[in-house]
Amino acid sequence: CPSSSGKPNHADILLVNLQYVSEVEIINDRTETPPPLASLNVSKLANKARTEKEEKMSQAYAISAGVSLEGQQLFQPIHKT
């Protein structure tokens with residue numbers, strides 16, 4: 001359905017658990033073809049997943065070593081430069 005935010009290039013998606021549905025009635029059947037899906041940059045997604053995993057592992061090591069949250073927050077910007 002159209003976006004509740006009013007953005008023309010977005011749409012709201014409604015999910016229904018069909019296990020609880022006893023009867024389905026089609027009110028409007030769409031005949032036009034939906035727009036093509038945007039292509040995914042798989043390498044960019046893989047890099048992002050790897051980076052997030054490394055950050056989580058670093059945070060887990062810091063927590064296990066007893067580093068305070070303040071220390072972790074100070075180390076992150078220093079480490080990125």
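**From a surface patch to a pocket**

I26 is exposed, because its relative accessible area is 64% and exposed means over 50%. This value, like the others below, comes from a predicted model. I26 lies in the segment that precedes helix α1, which covers residues 42-64.

I26 is also part of a group on the surface. Together with V16, L18, V21 and V24, I26 forms a nonpolar patch. The accessible area of these residues, taken together, is about 520 Å².

The next stop is helix α1 itself. K48 has its place in this helix. With a relative accessible area of 53%, K48 is exposed, since the cut-off for that word is over 50%.

S58 leads on to the largest pocket. S58 is one of the residues that lie nearest the centre of that pocket, along with E55, F75, Q76 and H79.

Where does the lining of the largest pocket come from? Helix α1 and helix α2, the latter covering residues 69-80, each supply at least two of the lining residues. The most comes from α1, which gives six residues. Sorted by class, the lining has six polar, three charged and two nonpolar residues.

Notes
Residues are numbered from 1 along each chain as its sequence is written. This is a predicted model: local features need pLDDT of at least 70, side-chain atom pairs count only at pLDDT 80 or more; totals for chains, interfaces and linings use all residues. Side-chain values use heavy atoms; hydrogens and water are left out. Patches are made of residues with over 30% relative accessible area and no salt bridge: like charges are joined within 9 Å, nonpolar side chains (Val, Leu, Ile, Met, Phe, Trp, Tyr) within 5 Å. Accessible areas come from the Shrake-Rupley method with a 1.4 Å probe; for residues, only the protein chains shown count as cover. A salt bridge is a side-chain nitrogen of Lys or Arg within 4 Å of a carboxyl oxygen of Asp or Glu. Helices (H or I, at least four residues) and strands (E, at least two) are DSSP runs, numbered from the N terminus. Buried means under 20% relative accessible area, exposed over 50%, partly exposed in between (1.4 Å probe, protein chains only). On a 1 Å grid over the protein atoms alone, a cavity is a set of points where a 1.4 Å probe fits but cannot get out, and a pocket is an open set with protein on both sides within 12 Å along at least five of seven lines; lining residues have an atom within 4 Å of a point. Ala, Val, Leu, Ile, Met, Phe, Trp, Tyr, Cys and Pro count as nonpolar, Asp, Glu, Lys and Arg as charged, and the others, Gly among them, as polar.
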